[in-house]
Amino acid sequence: MFKIVSKPIEIESLKSTLEDAQAGACVTFEGWVRNHNEGKPVQALDYEAYPELAEKEGLKILAEARERFALEAIVCVHRMGALQIGDLAVWVGVTAAHRGGAFDACRYVIDEVKARVPIWKKEHYASGASEWINCATRGVAAEVSKKV
Amino acid sequence: MKLQIQYFALLREQRGLSDETLETTAATPTELYEELSSKYLFTLPADRVRAAVNGEFVAANAALKSGDKVVFIPPVAGG
């Protein structure tokens with residue numbers, strides 16, 4: 001399951017969906033709103049998404065993770081809207097028979113979500129200024145679109 | 001032809017609205033982006049923006065057709 005939500009992410013209820021007698025490992029990742037970025041104090045963040053395409057691309061990433069690693073279950077939820085320092089912005093949960101695949105898949109999902117899913121982040125600074133952040137870790141968009 | 005455009009994030013702010021319908025002769029997403037960019041002074045160059053048509057990523061030189069819903073995707077920053 002991959003979801004874009006506008007309400008706070010409830011970890012316990014997500015985690016309960018992963019419970020499985022086949023699983024010997026559960027790896028989760030929490031992405032939190034941090035109070036600084038590139039040397040600037042950050043006061044708050046706005047996340048914006050293109051939900052239709054974000055959910056499609058997110059599901060594609062989860063399917064890729066299932067192909068690459070031996071998993072039981074995999075879930076990712078990303079929040080949008082106005083968030084404060086310390087808020088949970090993204091949650092990934094993976095279960096597998098063994099820990100190796102669970103760790104690797106969790107890392108794969110968060111890295112790919114950050115690089116590919118149409119979600120944007122605007123930082124609001126202590127100075128009163130604000131800025132849309134480009135966290136894309138890959139080359140220019142033209143290179144990516146050649147693969148389409 | 002008539003196209004529907006939806007804007008997000010930086011492009012939404014620079015355009016000053018979230019969506020519009022417009023008449024254009026642009027044949028591809030790149031041509032359309034260049035047209036909009038010169039009109040609304042977008043700061044992102046065309047090669048930093050991906051295109052989606054009708055809810056799917058497409059190549060920058062894909063053919064546009066009347067009624068398409070086009071979205072330009074600025075560099076993403078989830079997580």
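Student: By class, which residues make up the lining of the largest cavity?

Tutor: This is a predicted model. The lining of the largest cavity has seven nonpolar residues, one polar residue and one charged residue.

Student: Which residues are they?

Tutor: The lining consists of B:Pro29, B:Thr30, B:Tyr33, B:Ala46, B:Val49, B:Arg50, B:Ala51, B:Ala60 and B:Phe72. The largest share, three residues, comes from H2(B).

Student: What volume does the largest cavity have, and how many cavities are counted?

Tutor: Its volume is about 60 Å³. The count comes to one cavity of 30 Å³ or more.

Student: Now the sheet. In what order do the strands of chain B lie?

Tutor: The five strands form an open sheet in the order S2-S1-S5-S3-S4, with mixed pairing. Strand S2 (19-23) and strand S4 (56-58) of chain B each have a single partner strand, so one side of each is left without a neighbour in the sheet. On average, neighbouring strands are turned by 35° against each other, direction ignored.

Student: How many bridges join S1 to S2 in chain B?

Tutor: Five bridges join strand S1 (residues 2-6) of chain B to S2(B), and the two strands run antiparallel. One of the residues concerned is B:Gln4, whose bridge partner in S2(B) is B:Thr21.

Student: And which strands of chain B does helix H2 of chain A lie across?

Tutor: Helix H2 (residues 51-68) of chain A lies across strand S3 (50-53), S4 and strand S5 (69-73) of chain B. The helix runs at about 85° to S4(B).

How values were computed. Residues numbered from 1 in each chain as written. Chains lettered and ligands numbered in written order. Predicted model: local features only at pLDDT ≥ 70, side-chain atom pairs only at ≥ 80, totals over all residues. Heavy atoms only, no water. Pairing = 2+ DSSP bridges. Helix = DSSP H or I, 4+ residues; strand = E, 2+ residues; numbered from the N terminus. Axes fitted to C-alpha atoms, helices over the stretch in contact; angles between N-to-C directions. Contact = heavy atoms within 4.5 Å. 1 Å grid on protein atoms, 1.4 Å probe; cavity = no way out; pocket = protein on both sides within 12 Å on 5 of 7 lines; lining within 4 Å. Points joined across faces, edges and corners; volume = space filled by probe spheres on them. Nonpolar A, V, L, I, M, F, W, Y, C, P; charged D, E, K, R; others polar.
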